[in-house]
Amino acid sequence: MRRLRCQAVQPPTAASQSARVSSLVPNTGTKVHRPAKILVADDMADNVDIVRARLERLGYDVIVAGNGEDALERARTDLPDLVLLDVMMPKLDGIEVVKRLKADATLPFIPVLLLTAKSDPKDIVAGLDSGADDYLTKPIDNAALAARVRAMLRIKELHHQIRDQADRLAQQASELAAWAGRLEERVAAQLAELERVGRLKRFLAPQIAEIVLSDGADSLLQSHRREVVVLFCDLRGFTAFAETAEPEEVMAVLREYHGVLGPLVRLHEGTLDHFAGDGIMVFFNDPVPSPDAPAQAARLADAIRVEIGALAEIWHERGYTLGVGIGISQGFATLGQIGFEGRTDYTAIGTVANVAARLCADAKSGEILITRKLATAVSEIAEARSIGSVEMKGLARPIEVYRLGAVRRS
């Protein structure tokens, strides 16, 4: 069973978000001229005259260029609101002109409308890939020309508005950042306390965490050695299920499974070591001593068997063959926090944990396998029958394993 960990990530500040928005919005320069200024570039004088006449009738200010180099020069000196650009021109073709216009960081945003006699989709794609914003094929339809020009000028105006809004947002974010800085000191103390509370409540049942916090005894989490009872459980058939089921089905099953386990662990005041997919590890008698840790573990195991057993019937109706296996061991372990700055866990390390994990792995669906020592400790509240000695990897001698029956409630 692998541990899956999630690292908390600090959310971006309002100032950084605004700066990012501003950097993504191209510099639009001045607003659209009134009337809008349009550059028409074509090496065919007749074509230029036709397009120019149509645009001037629509009220636009038109300037012209007869080749690609001239078009670049006029764009840089006159800063038009829109460029109508023929593809096939001497010196520089239209596609090269578009590339240079779009690559020039000193220019404001200028939409480009390609005019081409070619109707091959590959030529159109090449023009758009070069940075053109739209295209018209010749002969040019008057209504289409008017509509495309209006659309391109609207885009120009919208770019300018977005830039203005981004600048205003940056200013507001700067003011917000200054206010947040003043608030930071007051929040810091509260965050430190919340971190302390959260660190304990990740491992402990809420009622135990509150006791530790009220006594200021979180030093209990420092490394030490103590006898504990360790419980492992995971789902039988889960690996095969996860290989064939849809991801949504797998996550839905885990949510239901964890939704049952979490409250049960809290109810029985166990210390939750970790969730690892379908597996969990819980231990008792640490960090807060428990007068009857074996009984707590046995009652938790029995409750899991009953509750997950009921849930397994629902899963069976959906076509899922799943059950729960549980292993419990009692013995000494080294306990304490492990990890690194910003990410720690509280865990139990030792043979007792390894034995519980291997008992869990051997348990069939609905079975609770325990050690002889634990069977003796819970004999007054539950019947446990020996199933013989079992050799376990890493242990010098076999251990006697018992199957736990129904557990009497307190």
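Reader: Let's start with α3 and α4. How do their axes cross?

Author: In this predicted model, the axis of α3 and that of helix α4, which covers residues 94-103, come within 9 Å of each other and cross at roughly 25 degrees. Angles under 35 degrees count as roughly parallel, so that makes α3 roughly parallel to α4.

Reader: And which hand does the crossing have?

Author: Right-handed, as α3 passes α4.

Reader: Which residues meet there?

Author: From α3, you've got Gly-68, Ala-71, Leu-72 and Ala-75. They meet Val-97, Arg-100 and Leu-101 in α4.

Reader: Why would residues three or four places apart in an α-helix point the same way?

Author: An α-helix has 3.6 residues a turn, so residues spaced like that end up pointing the same way.

Reader: OK, what does α3 lie across?

Author: Helix α3, residues 68-78, lies across β1, β2 and β3, and runs at about 145 degrees to β2. Helix α2, residues 45-57, also lies across β1 (37-41), β2 and β3 (82-86). For α2, the angle to β2 is about 165 degrees.

Reader: Those strands belong to a sheet, then. What order do they come in?

Author: The order is β2-β1-β3-β4-β5, an open sheet of 5 strands with parallel pairing. At the edges stand β2 (61-65) and β5 (134-137); each has a single partner strand, so one side of each is left without a neighbour in the sheet. From one strand to the next, the twist averages 20 degrees.

Reader: Zoom in on the β5 end. How many bridges join β4 to β5?

Author: There are 4, between β5 and strand β4 at residues 112-116, and the two run parallel. Take Leu-114 as an example: its bridge partner in β5 is Tyr-135.

Reader: New topic: β11. Which strands does it pair with, and in what sense?

Author: Strand β9, residues 323-340, runs parallel to β11, and 3 bridges join them. With strand β13, residues 399-407, β11 pairs in the antiparallel sense, also over 3 bridges.

Reader: Are the side chains of β11 buried or exposed?

Author: Buried, for each of Ile-368, Leu-369, Ile-370 and Thr-371. Ile-368 and Ile-370 point one way from the strand, while Leu-369 and Thr-371 point the other way.

Reader: Now α10. What span should it have, and what does the model give?

Author: Its 25 residues should span 36 Å at 1.5 Å a residue. The end C-alpha atoms are 36 Å apart, which agrees.

Reader: What about Gly-309, where is that?

Author: Gly-309 is in α10, which takes in residues 293-317.

Reader: How far is Gly-309 from Gly-323?

Author: In sequence they are 14 residues apart, but in space their C-alpha atoms are 6.7 Å apart.

Reader: Which glycine follows α10?

Author: Gly-319, and its phi is positive, near 95 degrees.

Reader: Last one, the whole protein. How many helices and strands, and how much is buried?

Author: It has 12 helices and 13 strands. Of its 410 residues, 43% count as buried. As for contacts between residues at least 6 apart in sequence, 70% join residues at least 24 apart.

Technical notes:
Residues numbered from 1 in each chain as written. Predicted model: local features only at pLDDT ≥ 70, side-chain atom pairs only at ≥ 80, totals over all residues. Heavy atoms only, no water. Pairing = 2+ DSSP bridges. Axes fitted to C-alpha atoms, helices over the stretch in contact; angles between N-to-C directions. Contact = heavy atoms within 4.5 Å. Expected span 1.5 Å × (residues − 1). Buried < 20%, exposed > 50% of the residue type's maximum accessible area, 1.4 Å probe, protein only. Parallel < 35°, antiparallel > 145°, perpendicular 65-115°, else oblique. Left-handed = near helix turned anticlockwise from the far one by under 90°.
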